[in-house]
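Please have a look at this two-chain model before reading my notes.

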Amino acid sequence: MHIPDAFLPLWQSAIYWIVALVFIALALKWAKHELSEDKIPLVAVLAAGIFAIQAFNLPVAMGTSGHLVGGALAAIVLGSPYAAVFILTLVLIIQGIIFGDGGITTMGVNILNMGVIGGFVGFYGFQTLKRVGLNRYASAGVAAWLACFIAALAAAVEMAIAGTFPLVPGLIAMGTYHAAIGIIEGIITAAAIYFISTARPDMMAENATVEATT
Amino acid sequence: MNISNTQFLIGGLVIAIIIGGIAVFFASGDPDGLESTALYVQGDKTLTGDSPEDGDPEAVGVSDAVEYEAPLPDYSMGEEGGKAGELFAIFAGIVIIFGLAFGATRIIAAKKN
């Protein structure tokens, strides 16, 4: 879902950058409040893991491949959508500058789609699904699927505004491919949460709040 | 099974490196969802059909876009770098992002105290 430089006119890239910077500032504020020494391993491992797995494109049929985005995972594990903005921003900076994966001018829109939209949909989707009674792994999986799917639709709308893709075919194709890619997102997110919960249950944000309130 | 912070840190880094290493050999060469959509709206691909080998997803883009040459383009050291170059690129990337996230979090956490 990494948008290259050629897909957006400069002035539109600038607008998305400004919006992204607002969320980056909020994410830094969150980080100053919430990140303590004991969170260092979790943030570093999540960033490295998300980076590695984003390089692993899996086939999803229809002549298409896809990989985990990781916004939902970061947000659920660290207990805030801003965690996704924080970690995905770091990942996208390295990907764009060193590997040419996603543009430089379009880094703002990519942070917006994968970090902000992915993080917020993933986090609040997870909370809502858990509240209606789904178990935590199913909630995480479905929320991650939704995060991938909705971020893709947002990208289709951005591409339509830019005149790069026509609106309806863009929505249909982005929606179809990312409905399939989202299954990867859902399974890996649920599995990663299972592993972290098993290895270090105390690192999961939701367990921390449970302990604090009981 | 509770493991220490150091074990979690090293274990996580090792898992990331293993995933990156496997990706170099087994990642799909098919275009991703955005590129597939670009090929589809250009008429180079049907919605559910195969992607063309030599399709150019960026043909649909604007022509005066910023041209940025990344040092390790597409997680490789160029054509001549081969698989070894790709392994180097992905391992370098994992170490850099790990160090960046570790360092950034540490600086932020230290300021708090």
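1. Ground rules. This is a predicted model: local features need pLDDT of at least 70, side-chain atom pairs count only at pLDDT 80 or more, and totals for chains, interfaces and linings use all residues. Residues are numbered from 1 along each chain as its sequence is written, while chains are lettered from A and ligands numbered from 1 in the order in which they are written.

2. Chain A, its elements. Chain A has eight helices and two strands. Helices (H or I, at least four residues) and strands (E, at least two) are DSSP runs, numbered from the N terminus. Along the sequence the order is α-α-β-β-α-α-α-α-α-α.

3. Chain A, its size. The C-alpha trace spans about 55 × 35 × 30 Å along its principal axes. The radius of gyration of chain A is 17 Å, which agrees with the value near 17 Å for a compact globule of 214 residues. That radius is taken over C-alpha atoms, and the globule rule is 2.2 Å times the number of residues to the power 0.38.

4. Chain A, its packing. Of its 214 residues, 62% count as buried. A residue is buried if 20 or more other C-beta atoms lie within 10 Å of its own, exposed if 12 or fewer, and partly exposed in between; C-beta atoms are placed from the backbone. Among contacts between residues at least 6 apart in sequence, 72% join residues at least 24 apart. Two residues are in contact if their C-beta atoms, placed from the backbone, lie within 7 Å.

5. Where the chains meet. In all, 60 residues of chain B are in contact with 60 residues of chain A. On the chain B side, α1 (5–26), α2 and α3 (82–112) each supply at least two residues. The largest share, 16 residues, comes from α3(B). This side of chain B divides into 37 nonpolar, 14 polar and nine charged residues. Here Ala, Val, Leu, Ile, Met, Phe, Trp, Tyr, Cys and Pro count as nonpolar, Asp, Glu, Lys and Arg as charged, and the others, Gly among them, as polar.

6. Helix α2 of chain B. This helix covers residues 33–41, and nine of its nine residues are buried. Among them are B:L34, B:E35 and B:Y40. What covers the buried residues includes β2 (65–66), α6 (136–162) and α7 (167–199) of chain A. Just after α2(B), B:G43 takes a positive phi of about 80 degrees.

7. Chain B, its domains. Domain 1 is 1–30 + 75–113 and domain 2 is 32–67. These bounds come from an automatic or database domain assignment. The C-alpha centres of the two domains of chain B lie 29 Å apart.
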